[in-house]
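Subject: Structure for you to look at, with notes

Dear colleague,

Here is the structure that I promised to hand over, and my notes on it follow below. Please keep it open beside the text while you read.

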Amino acid sequence: MTGMPIEDEDAPEPGGTDAPGRALLPEKEPGAFRTIGEVAEDLDLPQHVLRFWETRFTQVRPLKRGGNRRYYRPDDIDLLRGIRRLLYGQGYTIRGAQRILRERGMRFVQAVGRGEQTAPAFVETDHELEPDTPPPPLGRADRASLNAVLDELRACRRQLAGVRGATNAADAQGE
C-alpha cells in the first residue's frame, strides 16, 4: 500500500464545507448570526483584525455571549465589509474611515459594504493646514525659562562626556 487515499466518487470536494477538520454544518439562513471565524473567512481577514476594528470603530458591536464569543448580525457584517472596502479597496486610513462613519453614518458605510455606494476620494492629512503667519514672539519669562532648560541640558551633556571619557580611558588601560 502506498499510503495514498482511495478516491471515492461520492467523496466531498477538497476545500468545500465538508473538508477535513470542518464539521458538516447546514448552510445558515441569510439573517442568522455568524461567529467571528465565519465572518473572518467571509471577509478574507484574520480574526484579530476584526477584534482590532472593534477597538477603533465604536459602531462595530457584535453580540457577546459566554466566554466572550462574538456573534455578528447581518448589519454588523455589512458594516465590516464596508470598513474593509474603505481601508483595502479605496485606500482610506483608519482615521479616514472613522471620518466617513462620523460624517456619512453607519448606513452609508453598510451600503459601501454591499457595493451600493462608493465613498468620496479625498487626500487625508495628519494635521490641519496651518496659516502662513508665524507664531507670536516669546515673552521674556518664556525665553528665560527656555534658556535655563537649555543651560541645564548643556551641563548634562558635559557631565556625560566626562563620564564617557573616564570610561574610555579606563578601558584603554585595561587592554
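How do helix 1 and helix 2 stand to each other? They are roughly perpendicular to each other, a label given to angles of 65 to 115 degrees, whereas angles under 35 degrees count as roughly parallel, over 145 as roughly antiparallel and the rest as oblique. Before going further, please note that this is a predicted model, in which local features need pLDDT of at least 70 and side-chain atom pairs count only at pLDDT 80 or more, while totals for chains, interfaces and linings use all residues. Residues are numbered from 1 along each chain as its sequence is written, and side-chain values use heavy atoms, with hydrogens and water left out.

**Overall make-up**

The protein has six helices and three strands, where helices (H or I, at least four residues) and strands (E, at least two) are DSSP runs numbered from the N terminus. Along the sequence these elements follow the pattern β-α-α-β-β-α-α-α-α. Of the 175 residues in the protein, 23% are buried, a term that stands for under 20% relative accessible area, with exposed meaning over 50% and partly exposed in between (1.4 Å probe, protein chains only). Among contacts (heavy atoms within 4.5 Å) between residues at least 6 apart in sequence, 52% join residues at least 24 apart.

**The first helix pair**

Returning to helix 1 and helix 2, their axes lie 9 Å apart and the packing angle is about 105 degrees; axes here are lines fitted to C-alpha atoms, for helices over the stretch in contact, and angles run from 0 to 180 degrees between N-to-C directions. Ile36, Gly37, Val39, Ala40 and Leu43 of helix 1 meet Gln47, Leu50 and Arg51 of helix 2. Sorted by class, this contact has five nonpolar, two polar and one charged residues, where Ala, Val, Leu, Ile, Met, Phe, Trp, Tyr, Cys and Pro count as nonpolar, Asp, Glu, Lys and Arg as charged, and the others, Gly among them, as polar.

The three strands form an open sheet in the order 1-3-2, with antiparallel pairing, and two strands are taken to pair if DSSP finds at least two bridges between them. Strand 1 (34–35) and strand 2 (63–65) stand at the edges with a single partner strand each, so one side of each has no neighbour in the sheet. Strand 2 pairs with strand 3 (residues 69–72) over three bridges, and here Lys64 stands opposite Arg70, while Arg65 has Arg69 as its bridge partner. The hairpin of strand 2 and strand 3 has three residues between the strands, and in it Gly67 takes a positive phi near 70 degrees. Strand 1 and strand 3 are joined by two bridges, with Arg34 opposite Tyr72. Strand 3 has a covered face, made by Arg70 and Tyr72, and an uncovered one, made by Arg69 and Tyr71.

**Helix 3 and its surroundings**

Helix 3 has 16 residues and reaches 21 Å from its first C-alpha to its last, close to the 22 Å expected at 1.5 Å a residue, the expected span being 1.5 Å times one less than the number of residues. Its buried residues are Asp76, Ile77, Asp78, Leu79, Leu80, Gly82, Ile83, Leu86 and Leu87, and what covers them includes strand 1, strand 3, helix 1, helix 2, helix 4 and helix 5. Just after helix 3, Gly91 takes a positive phi of about 80 degrees.

The axes of helix 3 and helix 5 (residues 106–114) come within 7 Å and cross at roughly 75 degrees, and these two helices are therefore roughly perpendicular to each other. By class, their contact has six nonpolar, three polar and six charged residues.

Helix 4 and helix 5 have axes that come within 6 Å and cross at roughly 120 degrees, which makes helix 4 oblique to helix 5. This contact is made by Ile100, Leu101 and Arg104 of helix 4 with Met106, Phe108 and Val109 of helix 5.

Ala119 lies in the loop between helix 5 and helix 6 (140–174) and counts as buried, at 5% relative accessibility. Leaving aside neighbours within four places in sequence, Ala119 is in contact with Leu86, Gln90, Tyr92, Ile100, Phe108 and Val112.
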